Amino acid sequence: MTRKQKRLAVIAGGMSFIIVAVLLVMFAFSQSVAYFFMPADLAKTEVKPGTRIRLGGLVAEGSVKRGQGSTVSFTVTDGTGNVPVSYTGILPDLFREGQGVVTEGTFDAAHNFVADSVLAKHDENYMPKEVADRLKADGVWNEGEGAASQ
């Protein structure tokens with residue numbers, strides 16, 4: 001092997017190592033991505049059971065129901081669509097009806113949303129950014145109100 005061939009072999013080996021590393025990182029990120037949806041989006045989009053998503057909106061008035069143990073069911077709404085949610089665990093202290101919420105989980109085979117985490121607002125002026133932006137764009141929520149104007 002000449003010196004030029006050795007140099008090309010080292011460069012080709014390095015490039016193939018970098019390509020493999022980039023592909024592995026991309027695969028890892030694709031497995032951990034959770035797309036954000038509002039209830040109205042789910043009416044237009046088919047989400048396969050087992051696909052991890054984030055669901056955001058407002059907790060519908062009168063929808064919170066306590067089940068056995070720490071199981072809670074409630075409805076997430078954006079003024080246009082509603083999605084029933086089931087969650088087993090401890091809810092955030094400030095979780096309540098009419099407030100912004102982002103849940104993360106999957107749809108089961110019966111197309112029921114099963115959340116494994118629930119994020120709620122933490123003070124009087126905060127709503128998760130993606131939820132507030134979508135509710136403002138749909139004309140459901142105004143900045144100074146703190147809750148939906150329905």
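**Close-up views of a predicted protein model**

A search of the whole structure finds two aromatic pairs, where rings of Phe, Tyr and Trp (its six-membered ring) pair if their centres lie within 6.5 Å, with planes under 30 degrees apart counted as stacked, over 60 as edge-to-face and the rest as tilted. This is a predicted model, in which local features need pLDDT of at least 70 and side-chain atom pairs count only at pLDDT 80 or more, while totals for chains, interfaces and linings use all residues. Residues are numbered from 1 along each chain as its sequence is written, and side-chain values use heavy atoms, with hydrogens and water left out.

**View 1. The aromatic pair of Phe 74 and Phe 95.** A pair of aromatic rings is described by the distance of the centres and the angle of the planes. The ring centres of Phe 74 and Phe 95 are 5.0 Å apart and the planes stand at 65°, so this pair is edge-to-face. Phe 74 belongs to strand β4 (residues 71-77), whereas Phe 95 sits in the loop between β5 (82-88) and β6, so that the pair links distant parts of the chain, 21 residues apart. Helices (H or I, at least four residues) and strands (E, at least two) are DSSP runs, numbered from the N terminus. Phe 74 is buried, with a relative accessible area of 2%, and Phe 95 is buried as well, at 11%; buried means under 20% relative accessible area, exposed over 50%, and partly exposed in between (1.4 Å probe, protein chains only).

**View 2. The aromatic pair of Phe 107 and Phe 113.** Phe 107 and Phe 113 form an edge-to-face aromatic pair, with 5.2 Å from centre to centre and 70° between the planes. Both Phe 107 and Phe 113 are buried.

View 3. Side chains of opposite charge can pair when their charged atoms come close. A salt bridge is a side-chain nitrogen of Lys or Arg within 4 Å of a carboxyl oxygen of Asp or Glu, and by this rule the count comes to three salt bridges. The side chains of Arg 52 and Glu 104 meet in one of them, at 3.1 Å from N to O. Arg 52 lies in strand β2 and Glu 104 in strand β6 (residues 100-107), so this pair ties together parts that are 52 residues apart in sequence. Arg 52 also forms a salt bridge with Asp 116, with the closest N and O atoms 2.8 Å apart. That pair links strand β2, which holds Arg 52, to strand β7 (residues 113-120), which holds Asp 116, across 64 residues. Arg 54 forms a salt bridge with Glu 104, and here the closest N and O atoms are 3.1 Å apart. This pair, too, links distant parts of the chain, with Arg 54 in strand β2 and Glu 104 in strand β6, 50 residues apart. Taken together, Arg 52, Arg 54, Glu 104 and Asp 116 are linked in a network of salt bridges. As for accessibility, Glu 104 is buried, with a relative accessible area of 16%, whereas Arg 52 is partly exposed at 30%, Arg 54 is partly exposed at 37% and Asp 116 is partly exposed at 45%.

**View 4. Ser 63 and its surroundings.** Ser 63 is found in the loop between β2 (52-59) and β3 (65-66), and with a relative accessibility of 10% Ser 63 counts as buried. The side chain of Ser 63 reaches the backbone oxygen of Ala 60 at 2.7 Å. When neighbours within four places in sequence are left aside, Ser 63 is in contact (heavy atoms within 4.5 Å) with Ser 73, Phe 74, Thr 75 and Glu 97.

**View 5. The backbone at His 111.** Most residues other than glycine have a negative phi, and most peptide bonds are trans. His 111 has a positive phi of about 65°, although His 111 is not a glycine. The place of His 111 is in the loop between β6 and β7, and at 45% relative accessibility His 111 counts as partly exposed.

Definitions and conventions. A polar contact is a pair of N or O atoms within 3.5 Å; within protein, one must be able to donate a hydrogen and the other to accept it, and residues adjacent in sequence count only if both atoms are side-chain atoms.
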